Amino acid sequence: MGNFAKSREVQQQFKANVISHYSEGTMKCQWCSFGDMRALSIDHINGGGARHIKQVGNLYTWLIKNGYPDGFQVLCMNCQWIKRAQRNETAKKHPLPHRYTKRLNEPLFTKEYWNSPEGCQNLETIREIQLILASTLQ
Ligand SMILES: [Zn+2]
């Protein structure tokens with residue numbers, strides 16, 4: 001990779017292309033519809049992201065080179081944290097207080113609920129809980 005491909009602007013463009021592809025042009029988090037590019041990232045749907053990124057280095061470049069393979073989605077960092085908590089990946093390092101871990105199993109935290117009419121009405125509550133969870137995990 002030459003200096004050109006390493007430049008920040010080019011990297012931002014790569015990221016925009018990848019986010020656009022995996023969000024089907026919406027440029028939004030697939031769970032909560034948050035749309036600020038600075039907080040959007042690519043999520044490995046079935047986990048193992050940290051190990052994979054260690055192998056390939058730059059994920060955006062890798063995805064482009066490999067023709068946008070399946071198994072990835074666009075999530076914002078809040079939803080990444082929530083997903084991690086749900087998958088228990090950070091349980092040892094950052095145990096959540098029981099009152100939150102208990103709530104993670106509630107329908108409130110499923111994608112289906114967020115996309116339902118009732119979930120849309122409760123988006124503010126969901127965001128509030130997301131922020132609490134995110135700050136708990138940091
Ligand atoms: Zn989100």
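**Helix H2 and its faces**

Reader: Which residues in H2 are buried, and what does that word require?

Author: In H2, the buried residues are Val18, Ile19 and Tyr22. A residue is called buried if 20 or more other C-beta atoms, placed from the backbone, lie within 10 Å of its own, exposed if 12 or fewer do, and partly exposed in between. This is a predicted model, in which local features need a pLDDT of at least 70 and side-chain atom pairs count only at pLDDT 80 or more, while totals for chains, interfaces and linings use all residues. Residues are numbered from 1 along each chain as its sequence is written.

Reader: How do you know that the buried residues of H2 line one face of the helix?

Author: Seen down the axis of H2, the buried residues fall within an arc of 100 degrees, and therefore they line one face; the arc is that of the directions from the helix axis to the C-beta atoms. An α-helix has 3.6 residues a turn, so residues three or four places apart point the same way. The face turned away from the buried side of H2 carries the exposed residues Glu9 and Gln13.

Reader: What does the buried side of H2 pack against?

Author: The buried residues of H2 pack against S1, helix H4 (59-65) and S2, these elements being DSSP runs numbered from the N terminus, with at least four residues (H or I) for a helix and at least two (E) for a strand.

Reader: How does the length of H2 compare with what is expected?

Author: H2 has 15 residues and reaches 21 Å from its first C-alpha to its last, close to the expected 21 Å, where the expected span is 1.5 Å times one less than the number of residues.

**Partly exposed and exposed residues**

Reader: Why is Asn17 called partly exposed?

Author: Asn17, which lies in helix H2, has 14 C-beta neighbours inside 10 Å and therefore counts as partly exposed. Ile64, in helix H4, also has 14 such neighbours and is likewise partly exposed. Ile64 touches Phe14, Asn17 and Val18, leaving out residues up to four places away in sequence, where a contact means that the C-beta atoms lie within 7 Å.

Reader: What makes Tyr68 exposed?

Author: Tyr68 counts as exposed because it has 12 C-beta neighbours inside 10 Å. Tyr68 lies in the loop between H4 and S2 and has a positive phi of about 55 degrees although it is not a glycine. Met27, in the loop between H2 and S1, also has a positive phi, near 55 degrees, but with 14 other C-beta atoms within 10 Å it is partly exposed.

Reader: How do you know whether H3 lies in the open or is covered?

Author: Of the eight residues of helix H3 (residues 49-56), the number buried is zero, so H3 lies largely in the open. Gly57, which follows H3, has a positive phi near 80 degrees.

Reader: What makes a set of residues a nonpolar core, and how many residues has the largest one?

Author: A nonpolar core is a set of buried Ala, Val, Leu, Ile, Met, Phe, Trp, Tyr and Cys residues joined through C-beta atoms within 7 Å. The largest has 16 residues, and those with the most contacts inside it are Cys29, Val74, Leu75, Cys76 and Cys79. Two or more residues come from each of helix H2 (8-22), strand S1 (40-44), strand S2 (72-76) and helix H5 (77-87), and H5 gives the most, with four. Leaving aside neighbours within four places in sequence, Cys76 is in contact with Cys29, Cys32, Phe34, Ala39 and Leu40.

Reader: How many residues has the chain, and what share counts as buried?

Author: The chain has 138 residues, of which 17% count as buried, and it holds nine helices and two strands.

Definitions and conventions: Contact = placed C-beta atoms within 7 Å.
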